[in-house]
Amino acid sequence: MPETQDTWKRCVEFHGHTCPGLAIGYRAALAAQERLQAQFSPDEEMVCVTENDACGVDAIQVLTGCSIGKGNLIYRDTGKQAFSFYSRKDGRKIRVMFKMQGNGHNQADRVTFQEQILNAPDEDLFDFTEPEDLPPSKARIFTSIVCEECGEAAPEHKIRLNQGKKLCLGCFPDYSRGW
């Protein structure tokens with residue numbers, strides 16, 4: 001299909017190369033959009049919670065319009081190839097979990113695996129469930145506070161007090177004590 005080839009091409013241009021990981025995100029985004037009957041999100045109509053920071057997230061951004069900058073792409077690291085999508089317009093939601101196992105440690109295996117991902121039926125690639133969580137809240141705009149150590153501004157929710165001084169997270173001394 002020409003439209004499908006165009007969308008894949010746009011994802012590759014954004015990401016910089018083809019790879020199985022990009023194909024996973026590409027197919028996950030298309031499957032979620034189809035099941036939620038959702039289109040590209042120009043603002044925060046759709047939210048994606050990605051459970052990884054791998055190549056596929058780039059395809060999610062290109063196809064769904066979910067991005068860190070708009071606040072409708074949330075990174076919740078579990079390391080899984082899973083993506084939860086929420087439609088704020090009608091409350092529908094779906095979690096898409098990649099279930100195929102790759103054995104692509106050399107380039108020929110990777111190319112074959114990528115083609116399998118691009119051409120397999122959705123049900124062979126993913127488990128579809130409904131997330132129990134509510135959609136994340138909309139992105140907020142915070143007041144900027146100037147760090148009293150480095151002089152750089154940071155949003156107020158990223159400022160800490162240390163001996164009465166307002167410090168950014170980069171200047172705040174660690175107090176984890178190993179925990």
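Which residue stands opposite Leu-161 in β9? I began my reading of this predicted model with that point, and I found Lys-166 in the position facing Leu-161.

**Entry 1**

Strand β8 covers residues 159–162 and strand β9 covers residues 165–168. Their pairing is antiparallel and runs over four bridges. I noted a further pair, in which Asn-162 has Lys-165 of β9 as its bridge partner. Two residues lie between the strands of this hairpin, and Gln-163 adopts a positive phi near 50° there.

**Entry 2: Glu-149**

I then turned to Glu-149, which I located in the loop between β6 (144–146) and β7 (153–155). Setting aside neighbours within four places in sequence, I listed its contacts as Lys-165, Leu-167 and Cys-171.

**Entry 3: the overall layout**

I recorded five helices and nine strands for the protein. In sequence order, the elements follow the pattern α-α-β-α-β-β-β-α-α-β-β-β-β-β. The C-alpha trace spans about 60 × 40 × 30 Å along the principal axes.

**Entry 4: the five-stranded sheet**

In what order do the strands of the open five-stranded sheet stand? I read the order as β2-β1-β3-β4-β5, and the pairing is mixed. The edges are held by β2 (73–75) and β5 (126–129); each has a single partner strand, so one side of each is left without a neighbour in the sheet. With direction ignored, neighbouring strands are turned by 20° against each other on average.

Within the sheet I examined β3 (residues 82–87) and β4 (residues 93–98), which pair in the antiparallel sense over five bridges. Here Phe-85 has Ile-94 of β4 as its bridge partner. I kept in mind that side chains in a regular strand alternate between the two faces of the sheet.

**Entry 5: helices on the sheet**

Helix α3 lies across β1, β2 and β3, and it runs at about 20° to β3.

**Entry 6: α2 against α3**

I examined the two helices together. The axes of α2 (residues 20–36) and α3 (residues 56–64) come within 6 Å and cross at roughly 35°. I noted the crossing as right-handed. On the α2 side, the contact is made by Gly-21, Leu-22, Gly-25, Tyr-26, Ala-28, Ala-29, Leu-30 and Gln-33. On the α3 side, it is made by Gly-56, Asp-58, Ala-59, Ile-60, Leu-63 and Thr-64. By class, I recorded eight nonpolar, five polar and one charged residues in this contact.

**Entry 7: a pocket**

Which residues line the second largest pocket? I listed Ser-137, Lys-138, Ala-139, Arg-140, Phe-142, His-157 and Lys-158. This lining divides into two nonpolar, two polar and three charged residues. I noted a volume of about 210 Å³ for the second largest pocket.

How values were computed
Residues numbered from 1 in each chain as written. Predicted model: local features only at pLDDT ≥ 70, side-chain atom pairs only at ≥ 80, totals over all residues. Heavy atoms only, no water. 1 Å grid on protein atoms, 1.4 Å probe; cavity = no way out; pocket = protein on both sides within 12 Å on 5 of 7 lines; lining within 4 Å. Points joined across faces, edges and corners; volume = space filled by probe spheres on them. Nonpolar A, V, L, I, M, F, W, Y, C, P; charged D, E, K, R; others polar. Axes fitted to C-alpha atoms, helices over the stretch in contact; angles between N-to-C directions. Left-handed = near helix turned anticlockwise from the far one by under 90°. Contact = heavy atoms within 4.5 Å. Pairing = 2+ DSSP bridges.
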